[in-house]
Amino acid sequence: MDHGFSTRAIRAGQTPDPVTGAVVPPLYLTSTFVQDGVGRMRSDYEYSRAGNPTRTAAATQLAVLEQGTQAFITGSGMSATDLVLRTTLRPGSRVVLGRDAYGGTTRLLTQVLDSWGIETIVADLCEAAVLEEALSRSASGGQLVWVETPSNPLLQVCDIAAVAEVAHTHGARVCVDNTFASPYLQNPLVLGADVVVHSTTKYLGGHSDLVGGAVVVRDEELAEALKLLQNAVGYVSSPFDAWLLMRGMKTLAVRMDRHCANAMAVATFLEQHPLVSRVHYPGLPSHPGHETAARQMRDFGGMVSFNVAGGRAESIRVAESTSVFLLAESLGGVESLVEHPAAMTHASVEGTASAVDDDLLRLSVGIEDIDDLIDDLGRALA
Ligand SMILES: Cc1ncc(COP(=O)(O)O)c(C=O)c1O
């Protein structure tokens, strides 16, 4: 039976406990599992780095939501990113990274994995010719295209199917960081991507109470390689974080609908405000990626960025003047957040090709009452 998104979110992997009938799968806070004899296990589990039933339940739920076959639940978005990079790349490999990517991803590639012999090219993935050119040079260890769409922090939108087509002609794999959209708004594997990565810290967890990550794939061989490295190194979440994630994912659709509606209203308000010089939100017809977003996403997401007229000092003043929007890094929780990317989340890429404008503010628009959010921004800008 082909259930809808919310039914799948609530039921996939969520089998009632066979012992007690508990509707919510139990939290298995255990590092190890008793054996009936040497090598005679009572279940599929022997040690929680290799596998834990709570993590399996969350992984099954997410794999179904992303329309993949296997998911791996890790301790952070960055560990999920590293798991993918180290599984798919070798010395001599090249990564083609979208121009506007999460600063931590750029840092990992250019300040850590560079010394492992992995080359990173930053390119505008929205331009097919640019991508063709980047992939046409040979790379002895294979190539990976890393896409973030909508991107962090400029909300640029990239056509995933188009990127996958070009990448696959060159024998390159495509990984999409789907953190900003969540599987409710977009399913990159269906659009042709080979791997999906999430920071589950954000919309999937949804309540700013966990740090976690995930990788989702369809390819069995890739899944085996990911499984090996996950266990070999210990790219795992605690059972408790997996349990919180599972709970968060059940309400993803209702939360996202509200995030999207509130973000659209906030973006529309900001676009006509005299102290705002530019608004970045894919839901606005003025956004260059609006048509692509309308085609590949169910809705336009909960993230909005904008440039404040008056420069860095003025933008920092605005970020420090809100009260409903809390000044904090991260995103995707029920509460609204504001941050200054150049000084906060993207400080590590200052002075590089990925640097961001210093008058830019990023909003994670929460699910509070929209009148309160607009009133708060109006007061801060005034
Ligand atoms: C798009 C994106 N990917 C990955 C990450 C890293 O996730 P984590 O902080 O869970 O390691 C973040 C964090 O903000 C992010 O915004």
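Student: Which residues of α5 meet which residues of α6?
Tutor: Two residues count as in contact if their C-beta atoms, placed from the backbone, lie within 7 Å, and helices are DSSP runs (H or I, at least four residues) numbered from the N terminus. In this predicted model, A128, L131, E132 and L135 in α5 meet A162, V163, V166 and A167 in α6. The residues of this contact divide into 7 nonpolar, no polar and 1 charged, where Ala, Val, Leu, Ile, Met, Phe, Trp, Tyr, Cys and Pro count as nonpolar, Asp, Glu, Lys and Arg as charged, and the others, Gly among them, as polar.

Student: At what angle do the axes of α5 and α6 cross?
Tutor: Axes are lines fitted to C-alpha atoms, for helices over the stretch in contact, with angles from 0 to 180 degrees between N-to-C directions. The axes of α5 (residues 128–136) and α6 (residues 160–169) come within 10 Å and cross at roughly 30°. α5 is therefore roughly parallel to α6, a term for angles under 35 degrees.

Student: How is the protein chain divided into domains?
Tutor: Domain bounds come from an automatic or database domain assignment, which here gives domain 1 (5–250) and domain 2 (252–381). Across their boundary, 33 residues of domain 1 are in contact with 33 residues of domain 2. On the side of domain 1 that touches domain 2, α1 (5–11), α4 (103–112) and α7 (182–185) each supply at least two residues.

Student: What should I know about the numbering and the model?
Tutor: Residues are numbered from 1 along each chain as its sequence is written. As the model is predicted, local features need pLDDT of at least 70 and side-chain atom pairs count only at pLDDT 80 or more, while totals for chains, interfaces and linings use all residues.

Key: Angles under 35 degrees count as roughly parallel, over 145 as roughly antiparallel, 65 to 115 as roughly perpendicular and the rest as oblique.
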